[in-house]
Amino acid sequence: ADKAGCMQFHLERDALPSDAIDWSKQPRKAPTFPELYKQVGGSDYQEDSNIFTQFTNPYNKTSHFDYPHSSVWLEGAKIIDTLVEELKPQTPQFIVEAGSMHGGSAIRMAMELDRHGFKDTPILCIDPWTGDLNMWLNRIVWEHLGVQDGRATTYDQFMVNVRDSISTGKISPHHIVPLPVSSILGARWLQATNFVPNLIYLDSAHEKDETYYELSLYWSILAPGGILMGDDYGWAAVRHDVDLFVKHNDLKLNMFGVYYNWWIKKEG
């Protein structure tokens with residue numbers, strides 16, 4: 001922390017010796033869905049042959065939305081309606097979600113985007129799909145990990161849920177792209193590619209200081225006029241870091257009036 005008590009982090013991405021290109025020369029932009037899909041997966045998106053249609057489902061998962069802690073899944077209409085209004089004159093161009101679990105929030109965002117006519121807005125879902133500390137410590141929530149062969153199968157559940165939502169016509173296929181890495185690595189990837197979101201949903205870290213670091217990184221990536229939102233303001237650690245971040249950056253914290261969901265806008 002500096003003399004004012006504000007935590008300081010290295011927010012910029014340093015070039016790697018192994019970088020094949022000079023990433024700093026990439027133009028800053030909101031990617032289209034095909035651009036995002038290709039950058040993540042290395043191949044063009046095909047309607048009949050993509051990561052969802054080709055997913056092998058090794059654990060024979062079936063689609064379900066039983067995960068009880070996704071407030072966006074439960075109240076997505078209210079949240080997206082607010083965001084569409086508060087983003088004006090912008091529209092949702094590129095959404096980043098850090099913390100996707102079974103995909104309920106991303107799928108509900110996609111449903112609501114479709115309702116508003118934004119059928120091609122890409123949503124990058126950043127998550128290592130390993131669960132958080134709470135899930136690995138406390139058996140009451142451990143079951144949501146679906147542990148098989150010594151690891152969580154939350155990614156498998158996410159893929160099956162998204163595939164089913166696309167195949168049944170619940171959502172446009174031109175939204176969701178998973179990036180199975182940590183939130184910090186995902187932020188660095190966005191810095192390198194210069195893909196700039198104007199809407200970010202943080203529902204990843206729930207530990208003190210870790211949340212603050214995420215807020216700092218993703219705020220630096222967010223486009224001017226964009227909105228950063230999150231969940232779990234009722235968690236003491238999350239509330240502590242959100243309040244501290246808002247205070248240090250002289251920002252206004254807004255509540256959706258839905259559970260513990262909050263948002264802040266980046267003016268400019």
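A search of the whole structure, which is a predicted model, finds one cavity of 30 Å³ or more.

Me: What volume does the largest cavity have, and which residues line it?

Reply: The largest cavity holds about 90 Å³ of space. Its lining consists of Leu-202, Asp-203, Ser-204, Ala-205, His-206, Thr-211, Glu-214, Leu-215, Asp-231, Asp-232, Val-238 and Trp-262. Helix 8 gives the largest share of that lining, three residues.

Me: Where does helix 8 sit relative to the strands?

Reply: Helix 8 (residues 210–221) belongs to a β-α-β unit with strand 4 and strand 5, and the unit is right-handed. Strand 4 and strand 5 (residues 227–230) are themselves paired, parallel, over four bridges.

Me: How should I read the sheet as a whole, and in what order do the strands lie?

Reply: The general idea is that strands of a sheet pair through backbone hydrogen bonds, in a parallel or an antiparallel sense. Here seven strands form an open sheet with mixed pairing, in the order 3-2-1-4-5-7-6. Its edge strands, strand 3 (176–179) and strand 6 (254–255), each pair on one side only. Helix 1 (residues 33–41) packs on the sheet and touches strand 2 and strand 3. The direction of helix 1 makes about 25 degrees with that of strand 3.

Me: In which sense does strand 1 pair with strand 2 and with strand 4?

Reply: Strand 1 (residues 95–98) pairs with strand 2 (residues 123–126) in the parallel sense, over four bridges. Strand 1 and strand 4 also run parallel and are joined by four bridges. Glu-97 has Tyr-201 as its bridge partner in strand 4, and Tyr-201 stands opposite Met-229 in strand 5.

Me: Which way do the side chains of strand 4 point, and are they buried or exposed?

Reply: In a regular strand, side chains alternate between the two faces of the sheet. In strand 4 (residues 199–202), Leu-199 and Tyr-201 point one way, while Ile-200 and Leu-202 point the other way. All of these residues are buried.

Me: Why is helix 7 described as largely enclosed?

Reply: Helix 7 is largely enclosed by the rest of the structure because nine of its eleven residues are buried. The buried residues are Ser-183, Gly-186, Ala-187, Arg-188, Trp-189, Leu-190, Gln-191, Ala-192 and Thr-193. Their cover includes helix 1, strand 1, strand 2, strand 3 and helix 8.

Me: What does helix 7 contribute to the second largest pocket?

Reply: The second largest pocket contains about 300 Å³ of space. It is lined by 17 residues, and those closest to its centre are Glu-12, Arg-13, Gln-191, Ala-192 and Asn-194. Helix 7 (183–193) and helix 8 each supply at least two lining residues. The largest share, three residues, comes from helix 7.

Me: What is the phi of Asn-194, which follows helix 7?

Reply: Most residues other than glycine have a negative phi, and most peptide bonds are trans. Asn-194 has a positive phi, near 65 degrees.

Me: How far is Asn-194 from Gln-26 in sequence and in space?

Reply: Gln-26 and Asn-194 are 168 residues apart in sequence, but their C-alpha atoms are 6.1 Å apart in space. Gln-26 lies in the segment before helix 1. Leaving aside neighbours within four places in sequence, the contacts of Gln-26 are Ile-21, Ala-192, Thr-193 and Asn-194. Gln-26 is partly exposed, with a relative accessible area of 27%.

Me: Where are Asn-60 and Trp-129, and is each buried or exposed?

Reply: Asn-60 is in the loop between helix 1 and helix 2. Asn-60 is not a glycine, yet its phi is positive, about 55 degrees. Its relative accessible area is 63%, so Asn-60 counts as exposed. Trp-129 is in the loop between strand 2 and helix 4 (133–137). The phi of Trp-129 is also positive, near 55 degrees. With a relative accessible area of 4%, however, Trp-129 is buried.

Me: Which peptide bond is cis, with omega near 10 degrees?

Reply: The bond from Lys-88 to Pro-89 is cis, with omega near 10 degrees. Pro-89 is placed in the loop between helix 2 (71–87) and strand 1.

Terms used: Residues are numbered from 1 along each chain as its sequence is written. This is a predicted model: local features need pLDDT of at least 70, side-chain atom pairs count only at pLDDT 80 or more; totals for chains, interfaces and linings use all residues. Side-chain values use heavy atoms; hydrogens and water are left out. Two strands pair if DSSP finds at least two bridges between them. Contact means heavy atoms within 4.5 Å. Axes are lines fitted to C-alpha atoms, for helices over the stretch in contact, and angles run from 0 to 180 degrees between N-to-C directions. Buried means under 20% relative accessible area, exposed over 50%, partly exposed in between (1.4 Å probe, protein chains only). A crossover is right-handed if, with the strands pointing away from the viewer, the path from the first strand over the helix to the second runs clockwise. On a 1 Å grid over the protein atoms alone, a cavity is a set of points where a 1.4 Å probe fits but cannot get out, and a pocket is an open set with protein on both sides within 12 Å along at least five of seven lines; lining residues have an atom within 4 Å of a point. Grid points are joined across faces, edges and corners, and a volume is the space filled by probe spheres set on the points.
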